[in-house]
Amino acid sequence: VYMIVKGMNTEETDRKEEEKEEIAAVSEEEISSLTFQLEGKETTWSKKEDGWNLEEDENFPVDSDKMSNLTSALESVKASRKLENIENLKDYGLEKPANVVTIQKTDGTEEIIGIGDKNPSTEDTYVYIGRDVNTVYTVSADLASIFSGSIYDFAKGEEYPVITAADITQIEVKKDKNAYTLFSDGKSSTSWTITDENGEREDADATSAGTLQSTVAGFQFSKYYEYKCEDWSNYGLDAPKMILTVTYTEQT
């Protein structure tokens, strides 16, 4: 009985999906540029033969994979409902849309998607298509979230090298007070030697050394802020509290 009911529900879901009206369908190959707002500022992204460019800064390191996430959302936008003869766009958050996506196509035409509020009951998003603001659709895709963030959410930064604790042979910690260098030279009874800021050496505590190794090996970049930083003081990096220099063996 469970399998029969499950199959019936699946068929019903598929049928309803097929009944939805496709209101926009643009493949990435058809797109020459995308314009939408990020943090209240309009940005335009142009598609070139070698990838994507940010028109405001052609040197900006655009992550083409992240741009493909946007274009995937535009390949087939289907409406759950169609509301006609709309008199007050404010009721749907479309008088001043949360975002307006303008798609310039390679054939010279354009498509526009205005993105409004979410329906509190269904969680569908209200949108209008083109310049027809008298017709509003609801779509299940969360377009407001997809076309959001900052430009750095679409940037390709450097990747932190893959390091295991066993690869690390030395960690130098520079700071105003209590600077030290931890290194493995095979002469210590704990396998690690520590040298303080005065050059005095002693065997390092094996547990503490292992914890530091694991911590350094676990570093990852979590967010991209600037790709051509001119004022390091914005991040407290004009006079760093600490500088770590890690020496490790690269595995090939």
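User: Why does Glu123 count as partly exposed?

Analyst: The model is predicted; local features need pLDDT of at least 70, side-chain atom pairs count only at pLDDT 80 or more, and totals for chains, interfaces and linings use all residues. Residues are numbered from 1 along each chain as its sequence is written, and side-chain values use heavy atoms, with hydrogens and water left out. Buried means under 20% relative accessible area, exposed over 50%, and partly exposed in between (1.4 Å probe, protein chains only). Glu123 has 45% relative accessibility, so the residue counts as partly exposed.

User: What makes the contact between Glu123 and Lys118 a salt bridge?

Analyst: The term asks for a side-chain nitrogen of Lys or Arg within 4 Å of a carboxyl oxygen of Asp or Glu. Here the N to O distance is 3.7 Å. The contact therefore qualifies. Lys118 is partly exposed, at 38%.

User: Why is Asp57 called buried?

Analyst: Its relative accessibility is 16%. That is under 20%, so Asp57 counts as buried. Asp57 also forms a salt bridge with Lys228, at 3.5 Å from N to O. This pair links distant parts of the chain, 171 residues apart: Lys228 lies in the loop between α4 and β14, Asp57 in the loop between β4 (51–54) and α2. Helices (H or I, at least four residues) and strands (E, at least two) are DSSP runs, numbered from the N terminus.

User: How do you know that the span of α4 agrees with its number of residues?

Analyst: The expected span is 1.5 Å times one less than the number of residues. For the 12 residues of α4 (206–217), that gives 16 Å. The end C-alpha atoms are 16 Å apart, which agrees.

User: Which residues of α4 are buried, and what puts them on the same side?

Analyst: They are Ala209, Gln213, Val216 and Ala217. They cover an arc of only 100 degrees around the axis, so they share one side of α4. The arc is that of the directions from the helix axis to the C-beta atoms.

User: What puts the buried residues of α2 on the same side?

Analyst: The buried residues of α2 (64–74) are Met67, Leu70, Thr71, Ala73 and Leu74. Their arc is only 155 degrees, which puts them on the same side of α2. Asp65 and Asn69, on the other side, are exposed.

User: Why is Asp185 called partly exposed?

Analyst: Its relative accessible area is 29%, so Asp185 is partly exposed. Asp185 forms a salt bridge with Arg201, the closest N and O atoms being 3.2 Å apart.
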